[in-house]
Amino acid sequence: MDEENKLSRKTVLKAAIAAGVAAPVALIGGPALARTTVATGQAPALTPYCDDGDDPTIPQTEGPYFKPNSPQRTSLVTPGTPGTRLTVSGYVFGLGCLPIARALLDFWQADVNGAYDNVGYTFRGHQFTNDQGAFSLSTIVPGLYPGRTRHIHVKVQAPGRPVLTTQLYFPNEPRNNTDTIFDPRLLMTVRDAGTAKEAAFDFVLNVPQTPTSTRPTTSNPTTSNPPTSTSNPPGGTTWAAGTGYSAGARVTYSGRGYVCLQAHTAQPGWEPPSTPALWRAE
């Protein structure tokens, strides 16, 4: 099969949205998106959205404005925050189109004027998917700044897996045609909701899964045997599943010291060497 015929339904649909033209009717009448199935609480069956040849969500540059230690929160706005309200929701899936529970998502973006807060943590925050692999972010439509189209930055990480760093884009933006970083595969689906907007995007991570298996479950932290270490740095403790860690906390794991980058509750699969978004080796 040649490269042109490998274009997935999702890629063609999103490219059409980016260009502001109607998508081919033959591509619209397919099965429902995976997110409509997972909402029932059952592990979603394979759908064309994630089994028609799509690759995992593509990575993009982190850019100069990322900061670790963002607060854990699902809302980046307060009642007085200026800007058009935006809700971004979706799911995190693995290669078998099964949702990934407790995946870490760290968002950051510009304010309504196109400026990033490099002193504090305005429009910065991280959260975790629920048991159905779902996430929801309350924010605003980010402003524009020279050289870029409108976008939201995000890091996504399944427990014990590498970090995906990428960006999300808005359809029908004039600068989509001139931004050299823009990629239509990262377009969100956006609609008006009164004076606000609602956007949707599903991440597909490079995490092997068996499509016929049930949704992955998380071990009970209270019954798991915590890993052992051979030494503790000054002020540090041995890493243990089920423990809540704050940013700046120090632990040891397998004899090596680590500093916590983001507040979280540890669970099996999130050992410090496996989660660079949460721990930095000393």
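**Entry 1: Thr166**

I began with Thr166, which is buried, at a relative accessible area of 0%. The model I am reading is a predicted one. I located Thr166 in strand β6. I then listed the contacts of Thr166, leaving aside neighbours within four places in sequence: Thr57, Ile58, Pro59, Gln60, Ile152, His153, Val154, Leu186 and Phe203. I also looked up the spacing to Val156, which is ten residues away along the chain; the two C-alpha atoms are separated by 8.2 Å.

**Entry 2: Overall composition**

I turned next to the protein as a whole. The secondary structure amounts to four helices and 15 strands. Of the 282 residues, 45% are buried.

**Entry 3: Nonpolar cores**

I asked which residues have the most contacts inside the largest nonpolar core. They are Val88, Val92, Leu105, Met188, Phe203 and Leu205, in a core of 32 residues. Strands β1, β2, β4, β5 and β6 (163–169) each supply at least two residues of this core.

I then followed Val88 on its own. Leaving aside neighbours within four places in sequence, Val88 is in contact with Phe135, Ser136, Leu137, Ile152, Leu168, Met188 and Ala199. Ile152 is also among the contacts of Thr166.

**Entry 4: Strands β1, β7 and β8**

I examined how β8 is paired. Strand β8 (residues 196–200) runs parallel to β1, and four bridges join the two. Within that pairing, Thr87 has Glu198 of β8 as its bridge partner. Strand β7 (residues 189–193) pairs with β8 in the antiparallel sense, over five bridges. Here Val190 stands opposite Ala199 in β8; Ala199 is also one of the contacts of Val88.

How many residues separate β7 and β8 in their hairpin? There are two residues between them, and Gly194 in the turn has a positive phi of about 70 degrees.

**Entry 5: The four-stranded open sheet**

I traced an open sheet of four strands, in the order β10-β12-β13-β15, with mixed pairing. Strands β10 (237–238) and β15 (279–281) each have a single partner strand and stand at the edges, so one side of each is left without a neighbour in the sheet. Inside the sheet, β12 (residues 250–253) and β13 (residues 256–260) run antiparallel and are joined by four bridges. Val251 stands opposite Tyr258 in β13.

**Entry 6: Aromatic pairs around Tyr65**

I counted twelve aromatic pairs in the structure. The pair of Tyr65 and Tyr116 is stacked, with 4.2 Å centre to centre and 15 degrees between the planes. Tyr65 lies in the loop between α4 (48–51) and β1 (85–93), and Tyr116 lies in the loop between β2 (104–108) and β3 (124–128), so the pair ties together parts that are 51 residues apart in sequence.

I checked the accessibility of both residues. Tyr65 counts as partly exposed, because its relative accessibility is 27%, whereas Tyr116 counts as buried at 11%.

Tyr65 also forms an aromatic pair with Tyr145. This pair is edge-to-face, at 6.5 Å centre to centre and 90 degrees between the planes. The pair links distant parts of the chain, for Tyr145 sits in the loop between β4 (134–140) and β5 (151–157), 80 residues from Tyr65. Tyr145 is buried, with a relative accessible area of 15%.

**Entry 7: Other ring arrangements**

I found Phe107, Phe135, Phe201 and Phe203 linked into a cluster by ring pairs. Of these, Phe203 is among the residues with the most contacts inside the largest core, and Phe135 is in contact with Val88.

Finally, I looked for charges placed over rings. Arg102 lies over the face of Phe128, at 4.4 Å from the ring centre. The charged end of Lys155 sits over the ring of Phe66, at 4.7 Å from its centre.

Terms used: Residues are numbered from 1 along each chain as its sequence is written. This is a predicted model: local features need pLDDT of at least 70, side-chain atom pairs count only at pLDDT 80 or more; totals for chains, interfaces and linings use all residues. Side-chain values use heavy atoms; hydrogens and water are left out. Two strands pair if DSSP finds at least two bridges between them. Buried means under 20% relative accessible area, exposed over 50%, partly exposed in between (1.4 Å probe, protein chains only). Rings of Phe, Tyr and Trp (its six-membered ring) pair if their centres lie within 6.5 Å; planes under 30 degrees apart count as stacked, over 60 as edge-to-face and the rest as tilted. A charge sits over a ring if NZ of Lys or CZ of Arg is within 6 Å of the ring centre and within 35 degrees of the ring normal. A nonpolar core is a set of buried Ala, Val, Leu, Ile, Met, Phe, Trp, Tyr and Cys residues joined through side-chain atoms within 4.5 Å. Contact means heavy atoms within 4.5 Å.
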